[in-house]
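Reader: I would like to learn how to read a structure, feature by feature. Please show me the model, and then let me ask.

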Amino acid sequence: MQSTKPCVFTFLLGHDFSMMSLSSAIEPLRSCNRLQERQTFRWHLASLNGETITAASGIPFATLPVDKVLEETDYLLICGGERVVAPRFERGYLTVLRQAARKRVAIGALSTGTFLLAKSGLLKGYRCTIHWESLAAFSKSWPDIHCTRSLFEIDRNRLTCAGGTAAMDMMLHLIASQFGQQQAHAVASQFHYDRIRTMEEQQRGGAALPNAAPPAVQSAIALMQAHLEEPLTLDEVARHSGVGRRQLERLFAQYAAKTPQRYYLELRLNQAREMLIYSDQSVIDIALSVGFNSTSHFATWFRRLFGLLPSGIRRGRRAKYQ
């Protein structure tokens, strides 16, 4: 990024992209320009053909055709939504990403955009991250790619972040690398952002309880998360967490307002729901991956928790993104 010329970011938008991720990425760049009283950064909003792209919030965004701005682009970031892009557009996005890689453009993704980087083959040998909600589906689809729970990852010329405000941390890191930590903190202060998080910090989303929960509860949850495919018994969870079964039940009632068995079941079913949304695995494979040996048993509990069958989730997603 060291140059007297402005550094140019192109944000390649997918339909239903997250406005929070996009604004968290752009606003630090704008603020840095203002504080430095010069155009250090420039940016474009792009799409495949310059069409209007609608965010997940329903707000439309005008864009430029990506091939019109790619030549001057230093960083190309794909902004993903719930399914990144509709299947009929996927090939076009993959072509653009590979073209950018041949031009030695730094390539990255916000939130679920990491799926497209993996599909394009541009994450082989690279470390990456993705929003916690999509992590299980991503890891099942690409077990050879090192995908972490970090807020963001910068591995050479690949940049990925978990979306949301993690995009701001990633951009502040880039600003610090060019202008120093003091400048990054000055930018962060513009947004009442008191602490810039690092690549070493982990996403806290998902089923984790607040930090106020005692170590035994946190340990139990970590065990549950690590043993979804072959669930442990409650006695095993309690023993490995250093407490008795009754004590663990009392702690979960106090901090989670449910039994540990119910918490474990909901953890497994929530991961199954995420995989139904974000992966193409069959229902039976997903059921097995979260510890159900019977699809009927899985479907019964799934409907009790979410109000519809697993197949209903799939049909709804396919209808929306065709």
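Reader: Is phenylalanine 11 buried or exposed?

Author: First, the ground rules. This is a predicted model, where local features need pLDDT of at least 70, side-chain atom pairs count only at pLDDT 80 or more, and totals for chains, interfaces and linings use all residues. Residues are numbered from 1 along each chain as its sequence is written, and side-chain values use heavy atoms, with hydrogens and water left out. Now the term: buried means under 20% relative accessible area, exposed over 50%, and partly exposed in between (1.4 Å probe, protein chains only). Phenylalanine 11 has 0% relative accessibility, so this residue counts as buried. Phenylalanine 9 is buried too, with a relative accessible area of 0%.

Reader: How many aromatic pairs are there?

Author: Start with the rule. Rings of Phe, Tyr and Trp (its six-membered ring) pair if their centres lie within 6.5 Å; planes under 30 degrees apart count as stacked, over 60 as edge-to-face and the rest as tilted. That gives 12 aromatic pairs here. One of them joins phenylalanine 9 and phenylalanine 11: the pair is stacked, with 6.2 Å centre to centre and 15° between the planes.

Reader: Which residues do ring pairs link into a cluster?

Author: The cluster holds Phe9, Phe11, Phe41, Tyr75 and Phe179.

Reader: Which ring does the charged end of arginine 268 sit over?

Author: A charge sits over a ring if NZ of Lys or CZ of Arg is within 6 Å of the ring centre and within 35 degrees of the ring normal. Arginine 268 has its charged end over the ring of phenylalanine 292, 4.4 Å from the centre. Arginine 273 lies over the face of phenylalanine 306, at 5.7 Å from the ring centre.

Reader: How do helices α6 and α7 cross?

Author: Helices (H or I, at least four residues) and strands (E, at least two) are DSSP runs, numbered from the N terminus. Axes are lines fitted to C-alpha atoms, for helices over the stretch in contact, and angles run from 0 to 180 degrees between N-to-C directions. The axes of α6 (residues 166-179) and α7 (residues 181-189) come within 7 Å and cross at roughly 140°.

Reader: Which residues make the contact?

Author: Contact means heavy atoms within 4.5 Å. From α6 come Leu172, Ile175, Ala176 and Phe179; from α7 come Gln181, Gln183, Ala184, Val187 and Ala188. For classes, Ala, Val, Leu, Ile, Met, Phe, Trp, Tyr, Cys and Pro count as nonpolar, Asp, Glu, Lys and Arg as charged, and the others, Gly among them, as polar. This contact has 7 nonpolar, 2 polar and no charged residues.

Reader: What is the phi of arginine 104?

Author: Arginine 104 has a positive phi of about 65°, although it is not a glycine. Arginine 104 is in the loop between α3 (87-102) and β7 (106-110), and is exposed at 77% relative accessible area. Alanine 257, also not a glycine, has a positive phi of about 60°. Its loop runs between α10 (245-255) and α11 (260-278). Alanine 257 counts as exposed, at 67% relative accessibility.

Reader: Where is histidine 44, and what does it touch?

Author: Histidine 44 is in strand β2 (residues 41-47). At 11% relative accessibility, histidine 44 counts as buried. Not counting residues up to four places away in sequence, histidine 44 touches Val8, Phe9, Thr10, Phe11, Leu64, Val69 and Glu72.
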